[in-house]
Amino acid sequence: MENFPVINLENINNNVEERKAILEKIEDACKNWGFFELVNHGIPLELLDTVERLTKEHYRKCMEQRFKEVMASKGLGDVQTEVKDMDWETTFFLRHLPDSNISEIPDLSEEYRKAMKEFAQKLEKLAEELLDLLCENLGLEKGYLKKAFYGSKGPNFGTKVANYPPCPKPELVKGLRAHTDAGGIILLLQDDKVSGLQLLKDGQWVDVPPMRHSIVVNLGDQIEVITNGKYKSVEHRVIAQTNGTRMSIASFYNPANDAVIYPAPTLLETRAEETEQVYPKFVFEDYMRLYAALKFQAKEPRFQAMKA
């Protein structure tokens, strides 16, 4: 199997040839993987180190013991058969756009709140830059995807902070069950030592390699709809490990609740000969309502249901 795509953004704006080569790599990753890993992405490395340190401190101080108690109360430490309705993870969510809830989350130190706020601003900028690179590759006007996501109040942007503690029975419990992401574009800062994230490619589960200071990018269902299937959201999961706690900070740049999502008309024109299939038109909030109930099932019936 070919190597997982790692893309160096360092010279994206330096010269035409370099830009062309980087855009080709992004195009290949979007078409054939639905995932890629970015290095030299412009987010200061000291900020990444700070966010990682504070996330791990917060987990040890506020979440580790609570997680053990919850899992013990559910009898999951001693499970004998496969668990299909739970994940071996402990999480909290931060909302950044359209308005922030960082000040309302209990147990976060001031230093942690400040770092996460700064990190979110950098990720928002990177997400929008990436959406414009996708537009360039797709032949859409600059800003098309951002506009498609905008709705009346601007995009939804939030972060899921997760930790995957050591699991005594990883063959019976998933860290996170297989799913595609419902939204737009997802940017992940993951643990650089403890692995576990896998994606499904050509019927096989492939590891997403942990790499220090990288940002892993994957595409959600809304990008698949807007590109009418040229780019696809890809199923992924987290495997629980017996050793080490895996940190995962995934930020979701999603459409506004009232954004109307549909295939870009110019892509339908250019692909008319290739495909009879046209993806549905719907309001993002309606899709999310359906997704909440069917997250761990195949995405195709969700798209079908939105057509109806």
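**A loop residue, then helices and rings**

Mentor: Let us start with aspartate 258, which sits in the loop between strand 11 and strand 12 (260–261), and keep in mind throughout that this is a predicted model.

Trainee: Switching to helices, which residues of helix 7 are buried?

Mentor: In helix 7, which spans residues 284–294, the buried residues are Phe284, Tyr287 and Tyr291. They lie on the same side of the helix, because the arc they cover around the axis is only 60°.

Trainee: Why would that spacing put them on one side?

Mentor: An α-helix has 3.6 residues a turn, so residues three or four places apart point the same way.

Trainee: What is on the face of helix 7 turned away from the buried side?

Mentor: That face carries Arg289, Ala292 and Ala293, which are exposed. On the subject of rings, Tyr287 also belongs to one aromatic cluster, together with Tyr279, Phe282 and Phe303.

Trainee: How many aromatic pairs are there in the structure?

Mentor: There are eight aromatic pairs. In the one formed by phenylalanine 157 and tyrosine 253, the ring centres are 5.9 Å apart and the planes meet at 55°, so this pair is tilted. Phenylalanine 157 belongs to strand 4 (residues 156–164) and tyrosine 253 to strand 11 (residues 246–254), so the pair ties together parts that are 96 residues apart in sequence. Both phenylalanine 157 and tyrosine 253 are buried.

Trainee: Which charged residues lie over the face of a tryptophan?

Mentor: Lysine 201 lies over the face of tryptophan 33, at 4.7 Å from the ring centre, and arginine 237 lies over that of tryptophan 205, at 4.1 Å.

Trainee: Last one: how do helix 1 and helix 3 cross?

Mentor: The axes of helix 1 (residues 16–32) and helix 3 (residues 110–138) come within 10 Å and cross at roughly 90°, which means that helix 1 is roughly perpendicular to helix 3. Where they meet, helix 1 contributes Arg19, Leu23, Ile26, Glu27 and Cys30, and helix 3 contributes Leu133, Leu134, Glu136 and Asn137.

Notes. Residues are numbered from 1 along each chain as its sequence is written. This is a predicted model: local features need pLDDT of at least 70, side-chain atom pairs count only at pLDDT 80 or more; totals for chains, interfaces and linings use all residues. Side-chain values use heavy atoms; hydrogens and water are left out. Buried means under 20% relative accessible area, exposed over 50%, partly exposed in between (1.4 Å probe, protein chains only). Helices (H or I, at least four residues) and strands (E, at least two) are DSSP runs, numbered from the N terminus. The arc is that of the directions from the helix axis to the C-beta atoms. Rings of Phe, Tyr and Trp (its six-membered ring) pair if their centres lie within 6.5 Å; planes under 30 degrees apart count as stacked, over 60 as edge-to-face and the rest as tilted. A charge sits over a ring if NZ of Lys or CZ of Arg is within 6 Å of the ring centre and within 35 degrees of the ring normal. Axes are lines fitted to C-alpha atoms, for helices over the stretch in contact, and angles run from 0 to 180 degrees between N-to-C directions. Angles under 35 degrees count as roughly parallel, over 145 as roughly antiparallel, 65 to 115 as roughly perpendicular and the rest as oblique. Contact means heavy atoms within 4.5 Å.
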